[in-house]
Amino acid sequence: MGALLATLACIVGVGTCGEPPATTALPVERFAISYERSGGLAAMPENLTVRPGRRASVTIVRRGRAANVGFRLSVKQIKRLRAAAETARVGGLPTPEPGNCADCFVYSVTYRGESASVAEVDVPRRMQPLIDRAEALIAAHRPFH
């Protein structure tokens with residue numbers, strides 16, 4: 001029945017044809033995401049984890065040592081990160097074959113039960129805002145200075 005209504009809405013111009021249905025945004029206090037950048041020349045994994053209640057942490061591993069910093073995000077930061085995550089459509093990202101980019105970064109995201117990993121040479125345009133927002137949060141809360 002839902003497919004029939006979506007098709008009718010598309011025909012009469014009420015919706016957008018061929019795009020996935022819009023999802024309901026999670027409330028700010030329930031938003032959660034996990035982001036990791038790994039690989040690269042010096043292999044220093046960086047992880048941003050946002051949990052419900054606007055609690056976040058950054059974990060960075062350098063020279064075999066892990067450091068972790070916890071902090072709280074503002075409502076505005078959560079809304080921007082949530083918008084970038086929704087735009088990225090993590091569940092709809094293709095799973096690329098392993099490439100031959102030996103020193104590339106690999107970006108891994110888990111959001112709303114969907115996970116994806118993408119090498120930096122294969123990052124779809126729609127995922128770049130999410131990477132930029134996550135990297136900015138990591139840079140602002142980096143445990144190693």
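Buried residues are those under 20% relative accessible area, exposed ones those over 50%, and partly exposed ones lie in between (1.4 Å probe, protein chains only). By this criterion, 32% of the 145 residues of the protein chain are buried. The model is predicted: local features need pLDDT of at least 70, side-chain atom pairs count only at pLDDT 80 or more, and totals for chains, interfaces and linings use all residues. Residues are numbered from 1 along each chain as its sequence is written, and side-chain values use heavy atoms, without hydrogens and water.

**View 1. Elements of the protein chain.** The chain holds three helices and six strands, taken as DSSP runs numbered from the N terminus (helices H or I, at least four residues; strands E, at least two). Their order from the N terminus is α-β-β-β-β-α-β-β-α.

**View 2. The open sheet.** Six strands are arranged as β4-β3-β2-β1-β5-β6 with antiparallel pairing, where a pair requires at least two DSSP bridges. Because β4 (65-72) and β6 (114-119) are edge strands with a single partner strand each, one side of each has no neighbour in the sheet. From one strand to the next, the twist averages 10°.

**View 3. The β5 and β6 pair.** Strand β5 (residues 105-111) runs antiparallel to β6 and is joined to β6 by six bridges. Y107 has V118 in β6 as its bridge partner.

**View 4. Helix α2 on the sheet.** Helix α2 (residues 75-88) packs on the sheet and touches β1 (33-39), β2 (46-51), β4 and β5, contact being heavy atoms within 4.5 Å. The directions of α2 and β5 make about 105°; axes are lines fitted to C-alpha atoms, for helices over the stretch in contact, and angles run from 0 to 180 degrees between N-to-C directions.
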